[in-house]
Amino acid sequence: MNDRLNDRQVPASPAALERVRKYHRLVLAFSKDALGTLELPALLRLACACASEGTAVQRAKVLQYRAENDDLLLVAGIGWNPDLIGRATLSADTRSPPGLSVRAGEPTFIDDLPEDPAFDYSDLLRSYGIVSLVNVPIEVEAAVWGVLEVDSEQRRRFDADDREFLCGLAEIIGRTIENRRQLERAEQTGLDKRIELEERETLFCELQHRIGNQLQLIIGALEIATTRTADPDARNAFQDVIRRTVAIARSHDQLSLTRLEREASLSTYLNRLIPSLAVPDSVKVVSAIEDATTPIGTAVRLGLIINELVTNSVKHAFGEAGGHITISVGIEADRGAAVLRVGDDGRGMRAAPRGGSGIGLIETLSRQIGGTVEWATGAGEGTRFTLRFPLDHA
């Protein structure tokens, strides 16, 4: 029954050739519609209309296989009572013509269903007087999703051209459903990631808020301890710790303004941080920051280095008249590294700075971002600090 089309020869008559051309035009037009924005039910009904027009048969339908019920649900059709759509079902066993197509994954052609002992004559087909029919499977993601069926009330022998035409429609339906599923999965994955990111960002902001509060508590405790200490050296030590904790808090505040990301814009981060540095009115800070993307850890350490250098200049470089501090970040031509320069026009020193907790902290932070440090200073010539560092240091 299903093998009788294998030896079909190419039609030679003008009428047969015109029929093939009509099939091709219909398949091409349907494929264009499948690429559009039609909802799936409307697209399936359009497929039924194409099948009906191409085969000159009044009735066509699409049946979807439901594994949970092991049946076939009428999901689209033309020439059928509209009340049947979404309600009528057919058996999916091998005595049902569409059921056989689902089980075998092959088209099923029947010339005379009422007289064919291999198949049951369902109440639905009997009520419409269906005699001849053809079912072709619709495959989606390597599984039979359902069938496209054409039903004739007159006895008819469907041929190889009908088979090719209907299989072409079924192939387009299957690929369209498959592509739309993949798109839905991609959109859902994107939605899930956005939801996850929003949740992480909320938790991150809460954590940032708590850390900020803890830093303020630490600063307050240190300030109280300072007022209770009579030893000048101990008071100075407390002041240094307070100053550095304040610097960490400022860096933390700037970081809190950015989204939860692994990288940061140097210009955005530093241009927010530098105006918050504690300098007297007599000292002017001028900055020029070229933009580049760098890991958050690098940006934070650069902020702490700049804070330490500016504080040292304010404490040691200037008299009452004050002066200027310049801060710049330049990006090298290959954009693989950058150079931080911090200088002042203060009194300078006789030799490059060594030792001391502040200098030690600067050099430790510089090493942590893979950088190399150079100092230039001289009496009356100010102090200049240069740090070369990679932009992608882990």
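## A walk through the predicted model

Let us start with Cys167, which is partly exposed at 27% relative accessibility; partly exposed lies between buried, under 20% relative accessible area, and exposed, over 50%, using a 1.4 Å probe and protein chains only. Before going on, note that this is a predicted model, where local features need pLDDT of at least 70 and side-chain atom pairs count only at pLDDT 80 or more, while totals for chains, interfaces and linings use all residues. Residues are numbered from 1 along each chain as its sequence is written, and side-chain values use heavy atoms, with hydrogens and water left out.

Staying with cysteines, the structure holds zero disulfides, a disulfide being a pair of cysteine sulfur atoms within 2.5 Å. Cys48, for example, is in no disulfide, and its nearest cysteine sulfur, that of Cys50, is 9.3 Å away. Cys48 is buried, at 0% relative accessibility.

Now turn to helix H5, residues 160–227, where you will find Glu196; helices are DSSP runs (H or I) of at least four residues, and strands are runs (E) of at least two, both numbered from the N terminus. Glu196 is partly exposed, with a relative accessible area of 45%. Together with Asp192, Glu198 and Glu199, Glu196 forms a negative surface patch. Patch residues have over 30% relative accessible area and no salt bridge, and like charges are joined within 9 Å; a salt bridge needs a side-chain nitrogen of Lys or Arg within 4 Å of a carboxyl oxygen of Asp or Glu.

Our last stop is Leu277, in the loop between helix H7 (266–273) and strand E8 (283–289). Leu277 is buried, with a relative accessible area of 9%. Leu277 and Val310 are 33 residues apart in sequence, yet their C-alpha atoms are 7.9 Å apart in space.

How values were computed: Patches are made of residues with over 30% relative accessible area and no salt bridge: like charges are joined within 9 Å, nonpolar side chains (Val, Leu, Ile, Met, Phe, Trp, Tyr) within 5 Å. Accessible areas come from the Shrake-Rupley method with a 1.4 Å probe; for residues, only the protein chains shown count as cover. Lys and Arg count as positive and Asp and Glu as negative; His and the chain ends are not counted. The place of a charge is taken as NZ of Lys, CZ of Arg, CG of Asp or CD of Glu.
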